[in-house]
Amino acid sequence: MTEPKSRMLDLGSGRPKLEVQEAGSGPNLLFLHGAGGVAWDGALGILARHFHVYAPALPGFGKSPSEGLELIDDQLELWQTGFDLIEALGLDKPLLVGESFGGWIAAEMAALRPKEVGKLAVLAPVGLWRDASPVADLFGLTLGELLPYLFYDMKSKAAVNMSALTSLMSDKDDRTQAQIDALIAIFLGFRTAAKFLFPVPETGLERRLRRIRVPTLVLWGAQDRLIAPSYAEIFAKQVKNAQVQLIERCGHLIMAEQPEACAKEIQRFAGV
Amino acid sequence: MKFTWFHLMPYRWLPADFRQRYHSVWVDLPNALYDPEKGHDLYNEYLDALEYAEQCGFDAIAVNEHHQNAYGMMPSPNIMAATLARRTSKAMLLVLGNSIVCYNPPTRIAEEFAMLDVISGGRLIAGFPVGTSMDINYCSGQNPATVRDKYREGHDLIMKAWQTREPFAFNGKYTKLRYVNLWPRPIQQPHPPVWIPGLGSIETWDFCAQHDYNYSYLSFSGYKRAQNMMKGYWERRAALRADDNPHSAAFFQQVCITETDAECEKLWWPHVNYFFNNCLHLYPGTSEAPGYRTEASLRAGVVAQFGNTTQNMGIDKTWKQLVNEGYILAGSAETVRQQVEELAKTLRVGHVLLGCHIGSAPADLVANSTRLAGEQILPKLRHIYSDYEDRWWPKALPASRRVKPGATVPAAAAR
């Protein structure tokens, strides 16, 4: 993969300035990240060998100033921001791929303006709720306790990498500026996610699922403990053009834990 | 300076192995542990203690607001204050609830505070906490990314409702009301004094200075650890060109007062231990929702934010450590008096909120502590800062104008 290029994109007056990273060539793929932000070392890097990947960062993520969050007042404006990006990047009916938090945004966008999305791939999206199988509280766990909800194999490379961050959570006041900045970055990203997902990440997506008409791929980690794979069935039942694929030996963060399998499914779905 | 007797109202009957069995005293502690009959005893005992504080000469009595919490059994401080309004007549009523963002519409707070002010003859001090993240985010479901904005809007609505004599429309982002028209309205004009409890965020200092409200630093770690924080407060006020009036600030300090220094540890340690090791047993995962604090405050307090905060909360400390480090001021009245004086002078606070009840302390121990404070501490320290005007104190009706509860039905009063 070539090194992703980063630039700041101005979405127009009264709208946030967002960082967009781009890599690869091929059909356009607009990627909407989850609560952890954009990472290229998993499936996204592989996808960039086959697609022209656009990966914007919401306010508080990456280089996008967190102040921009004040310009996205509610969920409708969040979805509109997604279409602002499509327009500003000059994309025509892109393949929309969203993971977790971003998967919810992608699904809502496809329900809101089905004609402006080419195909939809959602990876363990939030947005649905069943009392019998409550979605774990992303905002009510310490980072160390959250990890087993995100990964099937805590010894996997991705899990071990993320575990390193937990060492920054301590009583000691001996952090370097870079470590403090890393922690602040996590919290600013979570703040953005919390604005739309706190305290219960469900705001009526299920009612709108029937509006999604584009071909839809639903990927779920077979061992996802954050959002149970049974939620995939709701998509299968209510989205007319949906195909569901469970990925084995995989927790919630599909792109990080099973990058090859994840990219392969998306390529197959896109016919690339 | 003035003295307020502040009750947290902890539940006294947490099991001995509470810390091993449960991960927090707050948010998700099963209410199976709460025995309502014991609660009946506790509420009445605690209200007795607050009423007794008035008799002992305290200038004000205080209640606060916590939710789903075993160390603070006052989800509604207004209900507590309402009982006190009827059973006391001299002490001011400091209500360091109401967390504005939790009430919909916020005019409910304007109404209830107005009721308290009218019932008590203008003795109300109105508290407007943002609320802890546990209370407002995890227990009340308020969104951490927007609570401060919602708080400011709710505050503006309440203040306007108190001060406007004609109905008005309020078109806010979080509250829309076609007709705001407060009945009753408060006795105190233009409004009851406002105190804002906080834990040291710069935004709260700025808010207090901007509106000329009292800032009440509610720390459980005592005055010695508060020096830097309050220094920051006074520097910030200077930078904002607000005056250096000591009455603009209040500080909460827990005290254990006994006849002699020698007997204090024996009498109080079990109850102090209960407080620091049970009541402050918190789960870091639900201690602060992302967005509750701003980035600036995060950077200022990065350890408390990201670390396990138990180190500074007094958990696992010995009696000696808690005393030496000022978490509690303990000993004879004279010993405690000296430290309260040092507290007032070093923090430059004109209001001290004394926590005379701690943890599982029984009624008699607390009453004795309260009496000793009233007899031997308050009279000796009141002169401090008396040359500064206290703009943050209620302008109550004269005592002669206040109605004595029961007086209108003499037959009932006689029973």
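Tutor: Buried residues make up 49% of the 415 residues in chain B; a residue is buried if 20 or more other C-beta atoms, placed from the backbone, lie within 10 Å of its own, exposed if 12 or fewer, and partly exposed in between. This is a predicted model, in which local features need pLDDT of at least 70 and side-chain atom pairs pLDDT 80 or more, while totals for chains, interfaces and linings use all residues. Residues are numbered from 1 along each chain as its sequence is written, with chains lettered from A and ligands numbered from 1 in the order in which they are written.

The part to examine is Leu347(B), which lies in helix 14 (residues 333-347) of chain B; helices are DSSP runs of H or I with at least four residues, numbered from the N terminus. Leu347(B) is buried, because 24 other C-beta atoms lie within 10 Å. Not counting residues up to four places away in sequence, Leu347(B) touches Tyr223(B), Ala226(B), Gln227(B), Met230(B) and Phe251(B), contact being C-beta atoms, placed from the backbone, within 7 Å. Thr370(B) is 23 residues from Leu347(B) along the chain, and their C-alpha atoms are separated by 23 Å.

Phe251(B) is also one of the residues with the most contacts inside the largest nonpolar core, a set of 205 residues. Such a core consists of buried Ala, Val, Leu, Ile, Met, Phe, Trp, Tyr and Cys residues joined through C-beta atoms within 7 Å.

Across chain B, residues 24 or more positions apart account for 77% of the contacts with a separation of 6 or more.

Key:
Two residues are in contact if their C-beta atoms, placed from the backbone, lie within 7 Å. Helices (H or I, at least four residues) and strands (E, at least two) are DSSP runs, numbered from the N terminus.
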